[in-house]
Amino acid sequence: MMQALCALMILFGLATLVAAALGLRALLQRRWGRGTTLGLLAVAGGVAYGALPVVLASAAASGSADAAQKAQLFAETLTTLLNCAAAGLLALPLGGIITLASLVGGLRSRARRSAGL
């Protein structure tokens, strides 16, 4: 069960990282709207990958009766899932930078157009 969940998290983490890479590509091509959208998608995926391992680890540990055993199971499960979520967590700061740069670029481009430059 844990291996399948870990594989799924790795797959979706890589998909989130691909969204960040596509956002970076859109940023370099000066497609501000697309860069903003893909950057926000990467940020949302990164936040989900930060919260999902904690939720899954607490769900796995909730079945244990002993408090010490529950804490140990929580720590082991959390460590395993965070290792699997590394790609998705990497997309969080990258997506934030892409979103911010796309928004600034889009606003500067709009200001130039309105000024007639």
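How many Å² does the accessible surface of the protein come to, and what percentage of that surface belongs to carbon and sulfur atoms? The accessible surface comes to about 7200 Å², and 70% of it belongs to carbon and sulfur atoms; such areas are computed by the Shrake-Rupley method with a 1.4 Å probe, and for residues only the protein chains shown count as cover.

The model is a predicted one, in which local features need pLDDT of at least 70 and side-chain atom pairs count only at pLDDT 80 or more, while totals for chains, interfaces and linings use all residues. Residues are numbered from 1 along each chain as its sequence is written, and side-chain values use heavy atoms, with hydrogens and water left out.

The protein holds four helices and zero strands, and from the N terminus on its elements run α-α-α-α; helices (H or I, at least four residues) and strands (E, at least two) are DSSP runs, numbered from the N terminus. Along its principal axes the C-alpha trace spans about 70 × 20 × 15 Å. The radius of gyration is 19 Å, whereas a compact globule of 117 residues would have one near 13 Å, where the radius is taken over C-alpha atoms and the globule rule is 2.2 Å times the number of residues to the power 0.38. Of the 117 residues, 32% count as buried, a word that stands for under 20% relative accessible area, with exposed meaning over 50% and partly exposed lying in between (1.4 Å probe, protein chains only). Among the contacts with a separation of 6 or more, 78% come from residues 24 or more positions apart, contact meaning heavy atoms within 4.5 Å.

Helix H1 covers residues 2-28, and its 27 residues should span 39 Å at 1.5 Å a residue, which agrees with the 39 Å between its end C-alpha atoms; the expected span is 1.5 Å times one less than the number of residues. Its buried residues are Cys6, Met9, Gly13, Thr16, Ala19, Ala20, Gly23, Ala26 and Leu27, and they pack against helix H2 (32-61), helix H3 (67-84) and helix H4 (86-115). An α-helix has 3.6 residues a turn, so residues three or four places apart point the same way.

Gly13 of H1 counts as buried because its relative accessibility is 1%, and, neighbours within four places in sequence left aside, Gly13 is in contact with Tyr49, Ala87 and Gly88. Gly13 and Leu89 are 76 residues apart in sequence, yet 7.6 Å apart in space, C-alpha to C-alpha.

Leu11 of H1, by contrast, is exposed, with a relative accessible area of 53%. Together with Leu8 and Phe12, Leu11 makes a nonpolar surface patch of about 300 Å². Patches are made of residues with over 30% relative accessible area and no salt bridge, like charges being joined within 9 Å and nonpolar side chains (Val, Leu, Ile, Met, Phe, Trp, Tyr) within 5 Å; a salt bridge is a side-chain nitrogen of Lys or Arg within 4 Å of a carboxyl oxygen of Asp or Glu.

After H1 comes Arg30, found in the loop between H1 and H2. Arg30 has a positive phi of about 60° although it is not a glycine, and at 59% relative accessibility Arg30 counts as exposed. Most residues other than glycine have a negative phi.
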